[in-house]
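Hi,

Here is the model I promised to pass on to you. Please have a look at it first, and then read my notes below.

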Amino acid sequence: MERMLHFGAVGATRNKRTNVTNLGAVDESAPNNSNPNLLDPRQVKLTTRTGIEINRLLPHKSIRRIGPFVFFDHFGPTTQETLMQVGAHPHTGLQTVSWLFSGKVLHHDSVGSKQLIEPTQLNLMTAGHGVSHSEMSLDTGSNLHGIQLWTALPFDARNIAPAFEHFAQLPMFQNETYEAQVILGSFQGASSPATIFSPLLAVELHLMQSTTLHLTRGFEHGVFPVDSDLLLNNQHVPQNHLLYLDDSIGEVTITTEKPTTVVLIGGAPFNEPIVMWWNFIARSHEEIVQMQAEWNSHSPRFGEFMDEINHRIPAPPMPAVALKAR
Ligand code: MN
C-alpha cells in the first residue's frame, strides 16, 4: 500500500495532548520539564491516510526558533517500504533545507527544477514571494531518513524571486576527532556555497570520539544527535532531541562512547516578529489571508509545474481568530 509522508505540507494535524486541531507549522512541542533548553521530539501525524509520523523539534513551546531556523522536522529511518509523496504545495518567506542521511527524494518545483537528492547533497529552495514544489521518495523507501529545516527570510529578502539550488558536494572540514560537512554558512573556515540571507550555519558532524567544538560568536546553536545519545558539557542529550545553546556559549565539550552523527545548526538571534501559518511565513495576518486565497485560486504567484503524482494540496481554511506576529 502506498503511504504518504508530508514535510509540513499538510492540512489539519491533531495535537494529541490538547485534542485541538492545529495547522501545519503552528504545531509546537511541549516543554521538557527538567530542562527548557532540551527540546523533545513531538510526533506529528501528517495526513489522515498514513501511519507515518515525523518528529518535530521546532517550533517548540519553550524555544520557538534557533537563529532564523523556525522549523526542524526529522523523519525516519523507515524500516519498511514507505513512499513519501508530498504533492504540490506552496511556500513564502522562507528557505527549505532538505538533507538526507539515507534514501533518495525527487524534488520538482515551479521554477523548473527536477532534482534528485541523495545523502551528502543539499537541496535548498528559496521561496521568497512564492514558489510551489513536490517531494517524492523513490523506490528505496525502506531506508528513508533525513531532516527538513526552514529558515525565515529577513524582512528585506522576504519577497525576492523564488530560486532553487542543488549542491552535489559540500565543503568538508576534518580534524582528529570529527569530520564536518558544511551544509550552510561557515564552520572552522570552510564555507558552503549555498545562498543564505542572514548569518547562520548548518553542519553535519561525524564524531569519531569526544571533542570540543568552538562555536560561532553571537550565534544561538542547536545540537541534534542523530544516531546515539551524547553528553554535552556533562549534560545528557538523548538521541533525536535538540539541545538549544544560547548566544553566550562559545565552546562545548561533547562526550561520546562511539562514533556518531550530529547535526549542528546556528544563527544570529532572529528578532523580527513573523507570522507562520501552514507553509507560509509573513509579517501580518492580512498577508497570510492573501497567500492562502492566492494558492487556492491558482494565482500565478506560485507558478505551476507537472510531476508524476499530480496531487495539489489545498490550503486549509483560515482560523477564526487573527494570527499574531511573534
Ligand atoms: Mn515544502
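A residue counts as buried here when its relative accessible area is under 20%, as exposed when it is over 50%, and as partly exposed in between, using a 1.4 Å probe and protein chains only.

Some ground rules before the details. This is a predicted model, in which local features need pLDDT of at least 70 and side-chain atom pairs count only at pLDDT 80 or more, while totals for chains, interfaces and linings use all residues. Residues are numbered from 1 along each chain as its sequence is written, and side-chain values use heavy atoms, with hydrogens and water left out.

The secondary structure comes to one helix and 28 strands; helices (H or I, at least four residues) and strands (E, at least two) are DSSP runs numbered from the N terminus. With a contact defined as heavy atoms within 4.5 Å, residues 24 or more positions apart account for 71% of the contacts with a separation of 6 or more.

Now to the metal site. The manganese ion has His89 (NE2), His91 (NE2) and His133 (NE2) as its protein donors, at 2.1 to 2.2 Å. Donors are N, O and S atoms within 2.8 Å of the metal (3.2 Å for Na, K and Ca), and water is not among the atoms, so sites may look incomplete. Along the chain the donors follow the spacing H-x1-H-x41-H. Because His91 sits in strand E7 and His133 in strand E12, this pair ties together parts that are 42 residues apart in sequence. His91 is buried, at 0% relative accessible area, and His133 is buried at 0% as well.

Strands E7 (85-91) and E12 (131-137) turn up again at the helix: they are among the elements that cover the buried residues of H1, as are E27 (275-277) and E28 (280-282). Helix H1 (residues 285-296) has 12 residues and reaches 17 Å from its first C-alpha to its last, close to the 16 Å expected; the expected span is 1.5 Å times one less than the number of residues. Its buried residues are His285, Ile288, Met291, Gln292, Glu294 and Trp295. After H1 comes His298, with a positive phi near 60 degrees.

Rings of Phe, Tyr and Trp (its six-membered ring) pair if their centres lie within 6.5 Å, and planes under 30 degrees apart count as stacked, over 60 as edge-to-face and the rest as tilted. The structure holds 10 such pairs. One of them joins Trp295 and Phe302 edge-to-face, 5.7 Å centre to centre with 85 degrees between the planes.

What about the nonpolar cores, meaning sets of buried Ala, Val, Leu, Ile, Met, Phe, Trp, Tyr and Cys residues joined through side-chain atoms within 4.5 Å? The largest has 27 residues, and Phe72, Leu122 and Leu184 have the most contacts inside it. Strand E8 (residues 94-102) gives the most to this core, with three residues. Apart from it lies another core of 24 residues, including Phe173 and Phe219.

Finally, seven strands form an open antiparallel sheet in the order E3-E24-E21-E26-E19-E16-E15. Strands E3 (38-39) and E15 (172-174) are at the edges with a single partner strand each, so one side of each has no neighbour in the sheet. Two strands pair if DSSP finds at least two bridges between them, and E3 pairs with E24 (residues 242-245) over two bridges.

Best wishes
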